[in-house]
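Student: I would like a close look at one part of this model, the nonpolar core, and at how the rest of the chain relates to it. Please give the cut-offs as you go.

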Amino acid sequence: MASHESTSQVRDAKREAERDRNRALQRVSDMCANGQRQLVLRFLIANMRHNPALAKIHLWQLDVAMFHVGRYKALKTVRRMRETIGDKSNVTDGVASLGWALAGREESVRMSTWLFLLLLREDLVRFEPPDGFPYAMLYGRDGDKGDDGGNMA
């Protein structure tokens, strides 16, 4: 009988953790809709201390909640992040989570790169090499301002 009770308790705990993650994702979506996207990570990290279940929020789920993109596009961004940093972990793109991205100081490059790629994808930031930058052609500029006034397309 004790085994049945413990199995039931584990199942209940998993359901509660899933509800907590869903509530957090809804809060993230609401924050973004209200122009408070800059507060999302602060909210999640602060609440992860009190509720470790939030560390299991998948990065693709967070992307969907923040930018209302499809799962495919969100997973593609996770894949691009992992390719960019040369990630060799055994974690799959669909399972990569906040906890995984923030696991430690060295692993924080995962989160930083993912966030930067989100900003680029959503056109919220752009890299503009300075005038005279010797490798400007790699960034879509040939070194002079041209017709676009020096802005990258």
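**The nonpolar core and its surroundings**

Tutor: The mean pLDDT of the protein chain is 87, and 87% of its residues reach 70 or more; pLDDT is the predictor's confidence in each residue, from 0 to 100. This is a predicted model, in which local features need pLDDT of at least 70 and side-chain atom pairs count only at pLDDT 80 or more, while totals for chains, interfaces and linings use all residues. Residues are numbered from 1 along each chain as its sequence is written, and side-chain values use heavy atoms, with hydrogens and water left out.

The protein chain has 6 helices and 0 strands, in the order α-α-α-α-α-α along the sequence. Helices (H or I, at least four residues) and strands (E, at least two) are DSSP runs, numbered from the N terminus. Confidence is lowest in helix 1 (residues 2–33), at a mean of 91, and highest in helix 3 (residues 59–67), at 97.

Now the core. A nonpolar core is a set of buried Ala, Val, Leu, Ile, Met, Phe, Trp, Tyr and Cys residues joined through side-chain atoms within 4.5 Å. Buried means under 20% relative accessible area, exposed over 50%, and partly exposed in between (1.4 Å probe, protein chains only). The largest such core has 30 residues, and Val-28, Leu-44, Leu-59 and Leu-62 have the most contacts inside it. At least two residues of this core come from each of helix 1, helix 2 (40–50), helix 3, helix 4 (71–85), helix 5 (98–101) and helix 6. Helix 3 gives the most, with 6 residues.

Take Val-28: leaving aside neighbours within four places in sequence, its contacts (heavy atoms within 4.5 Å) are Val-40, Phe-43, Leu-44, Leu-62, Ala-65 and Met-66. Across the protein chain, residues 24 or more positions apart account for 54% of the contacts with a separation of 6 or more. Of its 153 residues, 33% count as buried.

Asp-20 is found in helix 1 and counts as buried because its relative accessible area is 17%. Beyond four places in sequence, Asp-20 touches Asn-51 and Leu-54.

Turning to the other end of the scale, Met-137 lies in the segment after helix 6 (108–121) and counts as exposed because its relative accessibility is 54%. Further along, pLDDT stays under 50 over residues 141–153, for which the model has 15 contacts beyond four places in sequence.
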